[in-house]
Every structure is written in C-alpha cells, then in structure tokens.
Amino acid sequence: MQVLTKRYPKNCLLKVMDRYSAVVRNMEQVVMIPSLLRDVELSGYGGSVQDGAPDLYTYFTMLKSICVEVDHGLLPREEWQAKVAGNEGSEAENEAAETEEAEEDRLSEELDLEAQFHLHFSSLHHILTHLTQKAQEVTQKYQEMTGQVL
C-alpha cells in the first residue's frame, strides 16, 4: 500500500486528494488482471447487490481515469466537452446538458463567490472520500476473488 508522505490537516482537500491517489495506485498494483472484474457486482450494505450498479471493471476504469485528472489537472473545457459529446450521441441529452448549464450559470450569479467555493469544495471533498472508499472496495473484492485476503 502507498504511504502518504506529506502532512496536511485532517480535512484538508490536498490530504483527501493524496489519499485518493495513493489508494488508486494501490488498487492498480493489486489488480493484476482487471478483466477478472468484469460482470462482478459490488455488494452494497448488508451484502445486497444493487440493481443497475456498474460492475467492478467499470469502477476500476473510472477510478483510474479520475485519478489521472486529480494528479495531472483537468482537461481544457473544450476537450472535456468534446469528450462528453463523443460519449453522448443523443440530442436530447445535449439539450438537457445545455439547460442544466444555463441553470448552473443562473445559480452562480445568485450565489456569492465564497458560497460557491464552499459548495464546490465540500462537494469535491465528499466525492473524493466516496471514490477512495470505492477504490478500497474494488481492491478488497479482487483480493477475495483471487484468494489474496490475509
């Protein structure tokens, strides 16, 4: 497992980002054959499988992709929009995205900058913490499947 070398306050976003990166790197080192994760569902609370939940391979690839952005920064907005548009071919989805973006712009004008910062900061903190837990779950499930559990 990767060890955090930097010291940050407990709830510092940098600490959460470093922890996420370390857990994902550990997941990548443990999961030697990612294709074993295909069609394996991640159990929810109480051991129940959620309907429509992505398989572990989907989580694995998503977590790695997000880690690249956390470590190296965001794609320029135009590239990101082109990537999203390439994945979503439907005009209705694009119109919904434009409507949502217009709504976000309207809300951002209403909120002051400090409130916007706090909202996005706390959301990012929460999401990274959740993704870190998912990476740990994928790693643990892979170890169970391959008999590596200690």
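1. A word on "buried" before anything else: a residue is buried when its relative accessible area is under 20%, exposed when that is over 50%, and partly exposed in between, using a 1.4 Å probe and protein chains only. In helix α2, that label goes to Leu 56, Tyr 59, Phe 60, Leu 63, Cys 67 and Val 70. These residues cover an arc of only 100 degrees around the axis, so they sit on the same side of α2. The arc is taken from the directions that run from the helix axis to the C-beta atoms.

2. Some housekeeping. This is a predicted model, in which local features need pLDDT of at least 70 and side-chain atom pairs count only at pLDDT 80 or more, while totals for chains, interfaces and linings use all residues. Residues are numbered from 1 along each chain as its sequence is written, and side-chain values use heavy atoms, with hydrogens and water left out.

3. Now the overall picture. The protein has 5 helices and 0 strands, giving the pattern α-α-α-α-α along the sequence. Helices and strands here are DSSP runs numbered from the N terminus (H or I, at least four residues, for helices; E, at least two, for strands). Of the 150 residues, 21% are buried. The accessible surface is about 10,900 Å², and carbon and sulfur atoms account for 54% of that. Areas come from the Shrake-Rupley method with a 1.4 Å probe, and for residues only the protein chains shown count as cover.

4. How far along the chain do contacts reach? Among those between residues at least 6 apart in sequence, 66% join residues at least 24 apart. A contact means heavy atoms within 4.5 Å.

5. Helix α1 covers residues 13–30, which makes 18 residues, and it reaches 26 Å from its first C-alpha to its last, close to the 26 Å expected at 1.5 Å a residue. The expected span is 1.5 Å times one less than the number of residues. The buried residues of α1 include Leu 13, Val 16, Tyr 20 and Met 27, with Ser 21 and Asn 26 also among them. Their cover includes α2 (56–72) and α5 (113–146).

6. Back to α2, which has 17 residues and reaches 24 Å between its first and last C-alpha, close to the 24 Å expected. The cover over its buried residues includes α1 and α5. After the helix comes Gly 73, whose phi is positive, near 100 degrees.

7. His 125 is worth a look. This residue lies in helix α5 and counts as buried because its relative accessibility is 18%. Which residues does His 125 touch, not counting those up to four places away in sequence? They are Asn 11, Leu 13 and Val 16. The C-alpha atoms of His 125 and Leu 13 are 6.2 Å apart, although 112 residues separate the two along the chain.

8. How many salt bridges turn up in a search of the whole structure? There are 3, where a salt bridge is a side-chain nitrogen of Lys or Arg within 4 Å of a carboxyl oxygen of Asp or Glu. Side chains of opposite charge can pair when their charged atoms come close.

9. Asp 71 pairs with Arg 25, with 3.8 Å between the closest N and O atoms. The pair links distant parts of the chain, Asp 71 in α2 and Arg 25 in α1, 46 residues apart. Asp 71 is partly exposed at 38% relative accessible area, and Arg 25 is partly exposed at 33%.

10. Lys 64 forms a salt bridge with Glu 28, and their closest N and O atoms are 3.9 Å apart. Because Lys 64 lies in α2 and Glu 28 in α1, the pair ties together parts that are 36 residues apart in sequence. Lys 64 is partly exposed at 31%, as is Glu 28 at 34%.

11. Lys 134 and Glu 137 meet in a salt bridge at 3.7 Å, N to O. The two are about one helical turn apart, because they are 3 residues apart in helix α5. Lys 134 counts as buried at 15% relative accessibility, whereas Glu 137 is partly exposed at 28%.

12. Last, the surface. Met 32, Ile 33, Leu 36 and Met 145 form a nonpolar patch with about 380 Å² of accessible area together. Patches take residues with over 30% relative accessible area and no salt bridge, joining like charges within 9 Å and nonpolar side chains (Val, Leu, Ile, Met, Phe, Trp, Tyr) within 5 Å. Ile 33 lies in the loop between α1 and α2 and is partly exposed, at 44% relative accessibility.
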